[in-house]
Amino acid sequence: MAVSDEQYEPQALQAKWQARWEELDPFRASEDADDERPRKYLLDMFAYPSGDLHMGHGEVFALADVVARYWFQRGYNVLHPVGWDSFGLPAENAAIKHNAHPAEWTYSNIETQAASFKRYAISFDWSRRLHTSDPEYYRWNQWLFNRFFERGLAYRKGGLVNWCPKDQTVLANEQVVAGRCERCGSEVVRRELTQWYFKITDYADRLLDDMAQLEGGWPDRVLAMQRNWIGRSEGADVRFEIEGRDEPVTVYTTRPDTLYGATFFVVAADAPLAEEICAPDRLEALEAYRAEVAKLSDIERLSTDKEKTGVFLGRHAVNPVNGERIPVWAADYVLSDYGHGAIMAVPAHDQRDLDFAMKFGLPVQVVVHTGLADPGETGVATSGEGKLVNSGPLDGLSKTEAISRIIEVLEERGTGAAAVNYRLRDWLLSRQRFWGTPIPITHCPDCGEVPVPDDQLPVTLPDMRGEALAPKGVSPLASATDWVNVDCPKCGGRALRDTDTMDTFVDSSWYYLRYCSPGLEDGPFDVEQVRRWGPIDQYVGGVEHAVLHLLYSRFFTKVLHDMGMVDFTEPFVRLLNQGQVINQGKAMSKSLGNGVDLGDQIEKFGVDAVRLTMVFAGPPEDDIDWANVSPAASQKFLARAFRVMVEAGAASAPGTDAAAGDLELRKVTHRTIDEVTRLVESHHFNVAIARMMELTSAARRAIDSGPGAADPAVREAAEALAVMLSLVAPYVAEEGWERLGHGPTIARAGWPVAEPALLVQESVTCVVQVAGKVRDRLEVAPTISGTELEGLALASEKVRAYLDGAPRKVIVRAPKLVNIVP
Ligand code: ANZ
Ligand code: ZN
């Protein structure tokens, strides 16, 4: 298809320029240490190769590309890499279904996506491309596992884990959403299994404290979600003697001030402690109860709506401050893996304890006088501030005073101490699935867990396909006997490989470091290159990763920092979460039949119009309802912009002296440059596009009814427009640039600079009326916003003289009129 002189034909431009760009390869980051240009690192969250690119990809990559291309125009040495997070269940499920190898599905989808990315004209440095399912990549997952293992940060333990009965694999706490498997939606059950863990809890405090570095750079809600997930809680450990047991039992409480109000004691029903302290004649009841509890998820157990259940264990505990005997119960609302798996119950001031007390007729003792009605009568526990009562030496103190006082008392007597707890659990790493990184451990009957030595890495996956990969409760790797049976790396005796694979979140916890030196053969990344590029200046991706992926990446960065391999402690300086692309008010789905295909949209409207529509739809954080936007209108705008560039190009030659051009148009051009610069920097991309549209109209007017196409100001406007437009619509911008007499590529043309002298704005007079009478006149900028103008008017002394308090109504017609109804 030839490119027409007059018509805007997106498909022809795509065919022409995609091939040229492929040759020019304009977005390679320079590794050269002597390159003096300041560096910027922009990263899009990893693509998962589940098929071709979809509308969501279309949005996020278009948004991030605005920033990347802007930085290229500003002359930075930009790193904008691309890769695929290519291990994971969908490939394995497809392989089982089609009797194939997961790699076939994976790599063919990657090729499809790569071709689409190129057509979509994302400014990637293709030379750094990586796939996590390549042995050259996952080898370094194993190498890092070995480092974590040496540092005691990778360990194996038995315990109750979340198990998805459909996917036949364990899940991390993070992958259980409202009691269901995040992937397939099946109800998750608990199973006793020995599994590998990463000790992320060692980093809980630093993961919290270092968030100070991210304030302002990350969305507040993401920071809040991280904070909540880590869930730091401060309080005290208190030791209770249990009759008939030598060792005391410790409980964790955030309200040690309520110690005198403890009227019973509860042990997690599923904790070993429960049967240990249970009186022999109550064991049968405990067993029966436990069988019921095993069916419940943590969420259900902790739900305040759920009817309380439990069994009395036939024992008593002794309150360390007043010697009172209180009954010991087992219940499901106490979790075995939080705090110490046992609590002192204070029904007057804790709702769950109160529900339990009312159900089983246990006493309620108020110890903080809050002024509210007696919880024993209302059934509503009181947790607010108040004065201590019925609490011996604590009487009369405030809640806060009582907390510090009782901790002193406990510490003096050796029956307790201040303590901190976290909701965060260690990261469960093992997966009983095939398409992942084999855990590089050998189990030797004599030496125990022996890491595979670094020089024998990677431990590659054996060749397995189809039915052999079907889930069966143990890893499919266990049936690859030749692969499993190995010599112990330490003693040479017969040993077995670990058959689990790593959670694929490991792959994405450090890929951003690998991009700095892809293909490096003697380490996961080049420390020096990471020092130069890191940390990532701007990370862009979906808010669905607000907890997991970001927390794990932060954890990896801190461990690598402690190993002396990176010199920063937070990997992502700024984070942008884009909204979702929806249709007719709902998420796109097959069952609703409201899906929109990115490829179809591109066929119809062209890449540029689709990208422009994505970016113009609204603030990047907002959802885009495809039913409410118009790629056809975007296409029309691009055609208009194209004609301005073509006509200016035909009427004058490059290098004409803009200063001789029409002053009015020049002012519009320079104001646009100035504003677009600030708008792009502050991520108001949609407003930046609106400004480009205005500039296009101004240039059109100058051509048609002003000084004409040959005026130097028209060329100046068209050239500035081309460069600014190249951030969102690279094809039409490149063609326009050529028509304006410049060689490719516009991606490196350089950002236009606004001349300050042309930015001076005339002012307009704004009339301020109070009750219909003119009381003041203000000189304001013609572009002033309504809110700003209202503020100025209400601040005027002359106006205030006629106002008695806040006005009833203010009508603003910026920039010329403010009408105040007192
Ligand atoms: C007595 C008490 C009195 C409590 C009171 C609260 C209010 P966070 O903030 O989440 O850390 N608790 C301790 N261990 C538990 C476990 N394993 N399962 C369930 N609940 C547990 O909550 C700490 C509070 O939750 C602790 O403080 C304890 O109840 C309970 F007026 O102790 B409290
Ligand atoms: Zn051995």
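Modeller: Gladly; here are the terms one by one, each with its cut-offs.
This is a predicted model, in which local features need pLDDT of at least 70, side-chain atom pairs count only at pLDDT 80 or more, and totals for chains, interfaces and linings use all residues. Residues are numbered from 1 along each chain as its sequence is written, chains are lettered from A and ligands numbered from 1 in the order in which they are written, and side-chain values use heavy atoms, leaving out hydrogens and water.

Colleague: How many helices and strands are there in the protein?

Modeller: The protein has 26 helices and 34 strands. Both are DSSP runs numbered from the N terminus: helices are H or I with at least four residues, strands are E with at least two. The C-alpha trace spans about 100 × 85 × 55 Å along its principal axes.

Colleague: Why is Leu665 called buried?

Modeller: Buried means under 20% relative accessible area, exposed over 50%, and partly exposed in between, with a 1.4 Å probe and protein chains only. Leu665 has 4% relative accessibility, so Leu665 counts as buried. Leu665 belongs to helix α21 (residues 663-681). Of the 822 residues of the protein, 55% count as buried.

Colleague: What makes Tyr8 and Phe642 a tilted pair?

Modeller: Rings of Phe, Tyr and Trp (its six-membered ring) pair if their centres lie within 6.5 Å; planes under 30 degrees apart count as stacked, over 60 as edge-to-face and the rest as tilted. The whole structure holds 45 aromatic pairs. Tyr8 and Phe642 are 6.0 Å apart centre to centre, with 50° between the planes, and that is a tilted pair. Tyr8 is in the segment before α1 (10-24) and Phe642 in helix α20 (residues 631-651), 634 residues apart. Both Tyr8 and Phe642 are buried.

Colleague: And why is the pair of Phe117 and Phe124 edge-to-face?

Modeller: Their planes stand at 90° and the ring centres are 5.2 Å apart, so Phe117 and Phe124 form an edge-to-face pair. Phe117 is buried, at a relative accessible area of 1%, and Phe124 is buried at 1% too.

Colleague: How do you know that the charged end of Arg39 sits over the ring of Trp533?

Modeller: A charge sits over a ring if NZ of Lys or CZ of Arg is within 6 Å of the ring centre and within 35 degrees of the ring normal. For Arg39 the distance from the centre of the Trp533 ring is 4.5 Å. Lys40 likewise lies over the face of Tyr76, 5.1 Å from the ring centre.

Colleague: What makes the site of the zinc ion (ligand 2) tetrahedral?

Modeller: Donors are N, O and S atoms within 2.8 Å of the metal (3.2 Å for Na, K and Ca); water is not among the atoms, so sites may look incomplete. Here the SG atoms of Cys444, Cys447, Cys488 and Cys491 coordinate the zinc ion (ligand 2) at 2.2 to 2.4 Å. Four donors count as tetrahedral if all angles lie between 85 and 135 degrees. Angles among the four donor atoms of the zinc ion (ligand 2) run from 105 to 112°, and the site is tetrahedral.

Key. Tetrahedral: all angles 85-135°; square planar, octahedral: opposite > 155°, others 65-115°.
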